[in-house]
Amino acid sequence: MVGLLLLLLLLPFVLYVAAPQIRKMLASGVCTSTIQLPGKVAVVTGANSGIGKETAKDLAQRGARVYLACRDVQKGELVAKEIQAMTGNQQVLARKLDLSDTKSIRAFAKDFLAEEKHLHILINNAGVMMCPYSKTADGFESHFGVNHLGHFLLTHLLLQKLKESAPSRVVNVSSLAHHLGKIHFHNLHGEKFYHSGLAYCNSKLANILFTQELARRLKGSGVTTYSVHPGTVQSELVRHSLFMRWMWKLFSFFIKTPQQGAQTSLYCALTEGLEILSGKHFSDCHVAWVSSQARNETIARRLWDVSCDLLGLPMD
């Protein structure tokens, strides 16, 4: 009994000491590419915090001209100045991009295309998670609208520039949560039934399906695309869920830092010889298994067509 009591008293201390090593073990997967990016142009959505900020910082350190595409442009400008000071790279620019509003997406793309002759790396990183039921400015359910349709439209609008700049890459940040997802074509906007957690999972499944269909359509173009699971990362993504915020704090020692979470995105954006794996899903800098839904080409093609229809885009 005394031994058990002593163990319980010592457990917090043991966890505190062991946690950094456990977290290091769980955070396996590091982008080891030494490639430099002078003259290259990159866009990172949601780059004013978390994984996006760390991704942008790494690209800037390598000499790329980096656009921080952020909903809160004032915060984005502060982060741009911070990255400039840290890296010495003055070519870090903040631009307004609200993925919940197609007018904002089109305005960002129009301005970017007028400003830049090239685009070599597009990292679709921004996202929302477990939001109370709401719709975007265009009437789309928020998870589906922001996480999938917003990036679908942005990629479409920048695709010709990516082709002209080939070899180029598109990285879509998804999640392990896609395994719980399903594309309900009769309920894409959550009007018949809605669960915030499942809505997030569904949108992350959509990211993977989009990646696979995009890779199929871009074969031979010089543009390759990858989806990634960054891991469980300390970020603002859980701000809508009190339970998730509590869990994140409780297990904070075992959760990846944003820098660790950015590694797989960077791996897919930078690693040489990855072209033959276009369309694949990655976790911890390795190809990862996806759900049966995520491997369904029929669903992927239907999702593409439905997305084009919702956004008023040509299907081919």
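Start by selecting S227 and H281: these two stand opposite each other, with H281 belonging to β7. Keep in mind that you are looking at a predicted model.

Now widen the selection to the strands around that pair. β7 covers residues 281-283 and runs parallel to β6, and three bridges join the two. Next, colour β5, residues 168-173; β5 and β6 are also parallel, paired over six bridges. To find one of these links, pick V171 and look for its bridge partner in β6, Y226.

Together, β5, α6 and β6 form a right-handed β-α-β unit.

Stay with β6 for a moment and show its side chains. Which residues point which way from this strand? V223, T225, S227 and H229 go one way, while T224, Y226 and V228 go the other. Both sets are buried, and that makes seven of seven residues in β6, which spans 223-229.

Time to visit the largest nonpolar core, a set of 47 residues. Select V43, F108, F112, L158 and I183, the residues with the most contacts inside this core. Among the elements that give two or more residues to the core are β1 (41-45), β2 (65-70), α4 (102-115) and α6 (196-218). α5 gives the most, with nine residues.

Zoom in on V43. Beyond its neighbours within four places in sequence, V43 is in contact with Y67, A69, F108, F112, L119, I121, L122 and I123.

For a last stop, select A64, L68, A80 and C268. These are among the 33 residues of another core, which lies apart from the largest one.

How values were computed: Residues are numbered from 1 along each chain as its sequence is written. This is a predicted model: local features need pLDDT of at least 70, side-chain atom pairs count only at pLDDT 80 or more; totals for chains, interfaces and linings use all residues. Side-chain values use heavy atoms; hydrogens and water are left out. A nonpolar core is a set of buried Ala, Val, Leu, Ile, Met, Phe, Trp, Tyr and Cys residues joined through side-chain atoms within 4.5 Å. Buried means under 20% relative accessible area, exposed over 50%, partly exposed in between (1.4 Å probe, protein chains only). Helices (H or I, at least four residues) and strands (E, at least two) are DSSP runs, numbered from the N terminus. Contact means heavy atoms within 4.5 Å. Two strands pair if DSSP finds at least two bridges between them. A crossover is right-handed if, with the strands pointing away from the viewer, the path from the first strand over the helix to the second runs clockwise.
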